[in-house]
Amino acid sequence: RLSIRSTTASGSMVYESDKAVNEYVQFHFAPGSIVCPYKKAPKEAFDFAKRCADLCIAHGLPKHGKGTSNKNTRALDVGCAVGGSTLAMGKAFGEVVGIDFSQAFVDAAERIRLQGSMTFTQVLEGDITAERSVDLPTGTRTDNVRFEQGDACAIRQDIGQFDAVLAANLLCRLPQPEQFLRRLKTLVKPKGVVVLVSPYSWLEEYTRKGKWLGGYLSADGPVHTADVVTKELSPDFEIIKEDDAPFLIREHARKYQWGCSHVTVWRRKEE
């Protein structure tokens, strides 16, 4: 495995490293008391993966009448990492698929799905570490969840359509983000939703500058990602919710990545 100093800006290969797997297992599954055990911890940033899943559940499930079920509903988690949101959606949707470009992430997600728990290494200070473990919440459904390695910019054509598609902290890590946005129309069922969650942290380690959706100056002035996303999706989708989603990724006991992603929920228009 790779030796990585930081997952903040190391390029896409960082997500194949043990360091990244350990950080993301903690990020997706560990309770706040393990992640940041301080009185002044930013508690609103805890449980990011679950909060993203809850958005899909709240807006993506069809409104059934009494006595009906959601067994035929489908959700897709693109850029699922180690599967926290994917598994959290299993309790509500009939089928959930998680896709990630990192085979290391997919392997970790599948291990947690099958075993219901996983041990990870938590950095305390310098070379001092501790072994921790996380468990799936009681009642988590796993038989209807599957993970696969794949490219968000080239999702296989036979994957079908979904009631909800989640892309959490993914957009600004893609080499071809516009290509992903254009694929959404064929991934989402009419009246289904796309939940986009992104801090718009454009970096050339992940996306060539000419492919950035925003965060640059044009001849007409500043270009903002949210405006470009709106222009791209508006012909086929309508925005139904906009919010902020803080998140916290621990590096060691006293150093964290705190971010606040922009949340937009889009419902696909009826044909």
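These notebook entries record what I looked up in a predicted model.

**Entry 1. Salt bridges**

I began with charged side chains. Side chains of opposite charge can pair when their charged atoms come close. I found that the structure holds 15 salt bridges, and I looked at some of them in turn.

I turned to Lys-19 and Glu-23, whose side chains form a salt bridge with an N to O distance of 3.3 Å. I asked how many residues apart Lys-19 and Glu-23 are in helix α1. They are four residues apart in this helix, which covers residues 18–29, so about one helical turn separates them. An α-helix has 3.6 residues a turn, so residues three or four places apart point the same way. I then looked up the accessibility of each partner. Lys-19 has 22% relative accessibility and counts as partly exposed. Glu-23 has a relative accessible area of 4%, which means that this residue is buried, because the limit for a buried residue is under 20%.

I next noted the salt bridge between Glu-110 and Arg-113, in which the closest N and O atoms are 2.8 Å apart. Both residues belong to helix α5 (residues 103–115), where they stand three residues apart, about one turn of the helix. Is Arg-113 buried or exposed? I recorded a relative accessible area of 17% for Arg-113, so this residue is buried. Glu-110, at 24% relative accessibility, is partly exposed.

I also examined a pair in strands. Asp-163 and Lys-189 are joined by a salt bridge of 3.1 Å, N to O. This pair links distant parts of the chain, 26 residues apart: Asp-163 is in strand β6 (residues 162–168) and Lys-189 is in strand β7 (residues 188–198). I found Asp-163 to be buried, at 8% relative accessible area, whereas Lys-189 is partly exposed, at 23%.

Finally, I noted a network of salt bridges that links Arg-74, Glu-95, Arg-146, Glu-148, Arg-156 and Asp-158.

**Entry 2. Helix α1**

I returned to the helix that holds Lys-19 and Glu-23. Helix α1 has twelve residues. From its first C-alpha to its last I read a span of 16 Å, close to the 16 Å expected at 1.5 Å a residue.

How many of the twelve residues of α1 are buried? I counted ten, so the helix is largely enclosed by the rest of the structure. The buried residues include Ala-20, Val-21, Glu-23, Tyr-24, His-28 and Phe-29.

**Entry 3. The largest pocket**

I then looked for empty space. Rolling a probe the size of a water molecule over the atoms shows where empty space is left. The largest pocket holds about 860 Å³ of space. I found 41 residues in its lining, and the closest to its centre are Tyr-15, Tyr-24, Asn-169, Leu-170 and Arg-173. The elements that give two or more residues to this lining are α1, α3 (48–60), β1 (74–78), β2 (95–100), β10 (237–252) and β11 (255–268).

I recorded a volume of about 440 Å³ for the second largest pocket. Of the 25 residues in its lining, His-28, Phe-29, Lys-50, Ala-88 and Pro-137 are the closest to its centre. At least two lining residues come from each of α1, α2 (32–35), α3 and α4 (84–89). Which element supplies the largest share of this lining? I found that α1 does, with four residues. By class, I noted 13 nonpolar, seven polar and five charged residues.

**Entry 4. The cavity**

The structure holds one cavity of 30 Å³ or more, and the largest cavity has a volume of about 50 Å³. I listed its lining as Ala-167, Leu-171, Leu-196, Val-197, Ser-198, Tyr-200, Val-229, His-262 and Thr-264. Strands β7 and β11 each supply at least two of the lining residues, and the largest share, three residues, comes from β7. How many charged residues does the lining of the largest cavity have? I found none; the lining has six nonpolar and three polar residues.

Notes:
Residues numbered from 1 in each chain as written. Predicted model: local features only at pLDDT ≥ 70, side-chain atom pairs only at ≥ 80, totals over all residues. Heavy atoms only, no water. Salt bridge = Lys/Arg side-chain N within 4 Å of Asp/Glu carboxyl O. Buried < 20%, exposed > 50% of the residue type's maximum accessible area, 1.4 Å probe, protein only. 1 Å grid on protein atoms, 1.4 Å probe; cavity = no way out; pocket = protein on both sides within 12 Å on 5 of 7 lines; lining within 4 Å. Points joined across faces, edges and corners; volume = space filled by probe spheres on them. Nonpolar A, V, L, I, M, F, W, Y, C, P; charged D, E, K, R; others polar. Expected span 1.5 Å × (residues − 1).
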